[in-house]
Amino acid sequence: MRVITQQALGGPEVLTIVDAPEPRPLPTEVLVRVKAIGLNPLEARLRAGEFPLIGEPPFILGWDISGVVEEEPRTWRFRPGDEVFGMPLFPRAANAYAEVVSAPALHLARKPASLSHAEAAALPVVGLTAWQGLADLAGVSVGDRVLIHGGGGGVGHVAVQIAQALGAYVMATAGPSKREFVEGLGADEVIDYTTVDFAEVLRDVDVVFDTIGGDTAERSLAVLRPGGHLVTAVAEEDSELVARFEAAGMRFSGIAVDPDPVALRRLVELVEQGRLRVHVQETFPFERVADAHRLLDG
């Protein structure tokens with residue numbers, strides 16, 4: 001099989017395609033013939049050496065996969081030919097930039113028929129981050145007022161739909177080019193951050209879900225109701241920020257996504273109910289992974 005690996009840290013040009021032996025699944029694992037791989041900004045940071053999560057090169061990046069189960073798996077959960085998707089092993093290396101991946105069966109779910117493999121591969125990291133942050137950490141329920149920062153982004157556009165499915169009144173910040181897109185996802189209000197300061201126009205928010213970082217989380221203090229809750233996917237280790245929220249009587253939670261079979265099945269249910277769709281920005285063939293990383297680098 002072919003894999004995409006790197007021998008050194010650096011720009012997209014360090015990613016190279018080489019031949020490698022197929023992995024052998026352990027008991028409770030399945031061998032997946034990969035049809036699509038999802039790419040996330042974290043992988044660009046790992047490639048460049050900005051975030052030492054999986055050690056030094058050589059390594060194979062990637063977690064989001066969608067594909068087909070090959071040969072008789074060593075588990076009762078799947079059979080050969082089943083179409084599956086998931087985010088195996090995160091944050092340990094899953095070696096997903098490959099034509100074949102061995103993954104724990106519990107970290108996979110059956111792919112919804114309505115999703116293409118590309119759409120399914122784009123869902124696990126962003127979908128699990130949004131579900132774990134909104135449903136598990138924040139406990140969003142019917143009638144809650146929820147603000148999603150970055151409603152048009154990868155995590156944000158899924159978070160808008162999950163918050164809406166949980167029964168919340170959903171507000172989202174987005175640029176003018178994504179306003180119509182975010183409104184189409186079900187947001188009740190869209191705030192154009194290029195012309196409006198959300199901290200001046202919003203109040204009594206129960207939950208803020210931050211995917212932006214910078215001073216966005218700190219400025220969100222002004223919009224939360226007493227005892228409100230900020231969940232951030234980008235500033236979870238900012239101890240000074242945590243102290244500031246606690247001093248103001250607010251809750252602060254950081255979300256670091258992890259494999260979650262229960263949440264993965266809930267995402268499947270929302271897709272099958274027509275309440276969650278996945279936006280794929282662009283697709284690339286296997287041979288053009290460096291170009292895909294240049295897009296991630298922005």
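Guide: Strand S3 (residues 29-38) and strand S4 (residues 64-70) run antiparallel and are joined by 7 bridges. Strands here are DSSP E runs of at least two residues, and helices are H or I runs of at least four, both numbered from the N terminus. The model is a predicted one, in which local features need pLDDT of at least 70 and side-chain atom pairs count only at pLDDT 80 or more, while totals for chains, interfaces and linings use all residues. Residues are numbered from 1 along each chain as its sequence is written, and side-chain values use heavy atoms, with hydrogens and water left out.

Within S4, Gly67 is the bridge partner of Val34. S4 also pairs with strand S5 (residues 83-86), again in the antiparallel sense, over 4 bridges; two strands count as paired if DSSP finds at least two bridges between them. There, Ile65 stands opposite Gly86 in S5. S4 is mostly covered, with 6 of its 7 residues buried (buried is under 20% relative accessible area, exposed over 50%, partly exposed in between, with a 1.4 Å probe and protein chains only).

Parallel pairing is found in an open sheet of 6 strands, ordered S10-S9-S8-S11-S12-S13. Its edges are S10 (189-192) and S13 (251-254); each has a single partner strand, so one side of each lacks a neighbour in the sheet. On average, neighbouring strands of this sheet are turned by 15° against each other, direction ignored.

Thr232 has Gly254 in S13 as its bridge partner. Helix H8 (residues 239-247) packs on the sheet and touches S12 and S13, its direction making about 155° with that of S13. Contact means heavy atoms within 4.5 Å; axes are lines fitted to C-alpha atoms, for helices over the stretch in contact, and angles run from 0 to 180 degrees between N-to-C directions.

The buried residues of H8 are Leu241, Val242 and Phe245. Because they span an arc of only 100° around the axis, these residues lie on the same side of H8, the arc being that of the directions from the helix axis to the C-beta atoms. Their cover includes helix H7 (216-219), S12 and S13. On the other side of H8, Ser239, Glu240 and Ala247 are exposed. After H8 comes Gly249, with a positive phi near 80°.
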